[in-house]
Amino acid sequence: MYTGMVTLQVLDTVFYEAQRQGRISFYVTTIGEEAINIASAAALTMDDLVFPQYREPGVLLWRGFTLQEFANQCFGNKADYGKGRQMPIHYGSNKLNYFTVSSTIATQLPPAVGAAYSLKMDKQDACAVTYFGDGGSSEGDFHAALNFAAVMEAPVIFICRNNGWAISTPTSDQFRSDGVAIRGQAYGVKSIRVDGNDALAMYNTVRAAREMAIGEQKPVLIEAMTYRVGHHSTSDDSTKYRPANEIEWWRMQKDPVNRLRKWIERNGWWSSEAESELRIDVRKQQEKLLRETIERHPRDYPEDVPL
Amino acid sequence: MLGFLRHRATAGGSAVPLLQGALQKVRTASLSLKSYSSAAKDMNVREALNAALDEEMAADPRVFLMGEEVGEYQGAYKVSKGLLQKYGPERVVDTPITEAGFTGIGIGAAFYGLKPVVEFMTFNFAMQAMDQLINSAAKTNYMSAGNIPASIVFRGPNGAAAGVGAQHSQCYASWYGSIPGLKVVAPYSSEDARGLLKAAIRDPAPVIFLENELLYGENFPVSAEVLDSSFSLPIGKAKIEREGKDVTITSFSKMVGFALKASEILAKEGISAEVINLRSIRPLDRHKINESVQKTNRLVTVEEGFPQNGVGAEICTSVVEESFGYLDAPVERIAGADVSLPYAANLERMALPQVEDIVRAAKRACYRSIPMAAAAN
């Protein structure tokens with residue numbers, strides 16, 4: 001799980017820099033939410049259907065999407081499963097049961113409930129899992145989905161990544177309810193609030209939620225509290241609307257990757273040598289892969305950007 | 001406020017046409033005195049929109065702006081830059097992410113008598129609010145026999161930008177253009193943007209204001225008359241951007257630029273194209289289009305949106321209805337490809353109209369003709 005989180009961090013850094021260099025046109029980072037991504041994915045099985053928003057590439061990474069496949073989608077080259085039809089970070093994979101990312105907010109929630117219902121009708125030992133942010137909980141689709149999930153008793157897990165910001169809108173301007181967990185309760189859905197930066201807590205919560213969803217055939221809402229350390233996307237500069245020291249504090253003090261690292265180090269399963277080795281390894285691998293991808297598909301690469 | 005509402009209910013539609021008529025008279029008078037070639041300065045569309053919003057908000061305390069990221073963030077495309085700082089959070093409202101919600105709220109405020117300007121981050125996201133836009137904004141005035149009007153403007157980027165994929169690139173001109181009760185405008189230049197936004201805010205009907213992301217940064221010369229704070233353009237009137245005599249090319253928004261470039265290429269080959277900037281999709285300036293076709297006898301309609309049931313289809317029908325005898329060639333229609341817009345740059349280029357496509361269509365229209373003898377009698 002830890003190597004997954006580190007890989008995700010490095011992947012984010014490499015692609016973000018690639019965007020800044022003009023190699024890809026757009027990117028969305030997951031910095032600060034690695035625990036939610038990887039830990040929740042680890043608690044699920046491959047049969048569970050995932051309906052993501054757009055800040056959950058870690059789930060896909062965990063399931064086996066290769067770094068090459070990530071690069072192909074971002075570059076929109078011939079090898080891209082989406083055939084260059086979608087913007088970067090709109091990953092999708094039928095075989096990994098990961099529904100293709102759609103730009104629109106919260107539109108994946110009702111289909112997730114529908115898919116869960118079909119799993120229930122087919123009596124499968126699987127559930128549907130859907131992710132969205134605090135901003136997504138304002139959309140009409142959120143309310144329709146939760147209500148229906150409760151009424152139809154669909155085995156679906158709603159994971160809300162409450163990261164405090166919806167582009168520049170803080171949660172204080174987004175809603176005045178006691179977060180998102182209480183909304184689940186209002187609809188008759190079992191809800192829980194968890195520290196999203198605690199990888200172990202996330203893992204345990206999602207695992208328990210999965211058992212509840214499938215065993216009792218009921219929906220569950222998990223509100224994972226975290227912070228969006230990065231910008232909303234590469235088209236955003238978040239220092240324009242939030243203090244830089246706030247971002248720094250969350251990045252340094254509350255980083256989920258560091259937190260897990262300290263725990264595994266304290267237990268003697270990890271060391272700082274292993275850490276630097278891992279990071280250098282993954283970074284080199286990624287950069288080499290990027291270069292190879294560009295070289296393999298030269299026509300799908302902007303002409304005016306130097307290699 | 002109640003007194004104001006009563007005034008509106010009793011005046012019905014009578015007060016407004018008088019005012020509009022007066023404005024028209026002032027405008028035509030000034031048009032004959034000044035010419036637009038005396039460019040005072042360059043202004044980009046974003047600045048034009050920002051200034052128009054600023055002036056209208058200063059002039060009328062009922063005007064307010066609402067939408068996602070319009071306040072603190074200065075606008076997702078910086079169109080509302082500085083407005084929160086100037087007018088405060090009561091008049092520049094940052095909304096939660098629910099288009100259906102804040103559209104409905106804006107319409108409610110308009111029913112009460114305020115004049116909201118609702119910004120959609122793109123009109124693609126406005127689909128979430130379709131029910132409110134059509135059933136609440138467009139139809140209520142009619143259904144209430146004029147008792148419940150809504151003076152509201154819905155604005156935002158429409159159509160394709162560059163490499164943003166299918167869900168960020170659809171053109172909604174034909175969708176909104178088919179709804180009675182709405183007015184739909186699509187500005188091209190800074191002058192269009194400024195004049196039409198002011199007119200839209202002042203208009204008592206709900207107006208859909210279709211901007212274009214790629215035009216925001218484009219500079220256009222604006223005359224001193226345009227910069228005046230009482231300037232506005234009439235909704236429902238098209239503009240002849242370039243006069244010609246061989247073929248009429250109608251276009252709106254970004255495509256006007258493409259049509260103008262095409263007309264320059266055509267001029268080198270001896271074809272004089274008349275380029276019409278529609279400015280207004282609903283009401284469509286059928287008179288001007290037909291007048292032009294009656295002069296040139298050939299028509300090419302250009303739009304970025306999907307071909308079926310598009311704006312070009314409506315223009316073609318209007319011309320067939322009123323100017324059939326004047327047509328020397330079938331109407332040519334240039335539209336986006338009948339496919340969800342792909343992301344990859346090479347695919348996107350193939351799916352959207354390019355200048356070469358317009359040139360080819362104009363040539364086709366000029367070389368194909370029905371013998372005049374058959375049309376006589």
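Contact, in this tour, means heavy atoms within 4.5 Å. The model is predicted, so local features require pLDDT of at least 70 and side-chain atom pairs pLDDT 80 or more, while totals for chains, interfaces and linings use all residues. Residues are numbered from 1 along each chain as its sequence is written, chains are lettered from A and ligands numbered from 1 in the order in which they are written, and side-chain values use heavy atoms, with hydrogens and water left out.

**Stop 1: the two domains of chain B**

Select residues 2-227 of chain B as domain 1 and residues 239-368 as domain 2; such bounds come from an automatic or database domain assignment. Between them, 31 residues of domain 1 are in contact with 25 residues of domain 2. The area buried here (accessible area, 1.4 Å probe, that two parts lose on being put together, summed over both) is about 2100 Å², and carbon and sulfur atoms give 57% of it. Next, select Gly163(B), Ala186(B) and Tyr188(B): within domain 1, these lose the most area to domain 2, together 24% of what that side buries.

**Stop 2**

Display Arg279(B) and Glu191(B), which form a salt bridge with their closest N and O atoms 3.5 Å apart. The term denotes a side-chain nitrogen of Lys or Arg within 4 Å of a carboxyl oxygen of Asp or Glu. The count between the two domains of chain B is 2 salt bridges.

Now colour helix H7 (173-177), strand E6 (183-185) and helix H8 (190-202) of chain B, each of which supplies at least two residues of the domain 1 side that touches domain 2. H7(B) gives the most to that side, with 4 residues. Helices (H or I, at least four residues) and strands (E, at least two) are DSSP runs, numbered from the N terminus.

**Stop 3: chain B against chain A**

Show both chains: 20 residues of chain B are in contact with 30 residues of chain A. Together the chains bury about 1900 Å², 50% of it on carbon and sulfur atoms. Select Tyr73(B), Ile97(B) and Tyr343(B), which supply 35% of the area that chain B buries against chain A, more than any other three residues. Across this interface the rule finds 0 salt bridges, but 11 residue pairs in polar contact, both at pLDDT 80 or more.

Conventions
Polar contact = N/O pair within 3.5 Å; in protein donor to acceptor, adjacent residues only side chain to side chain.
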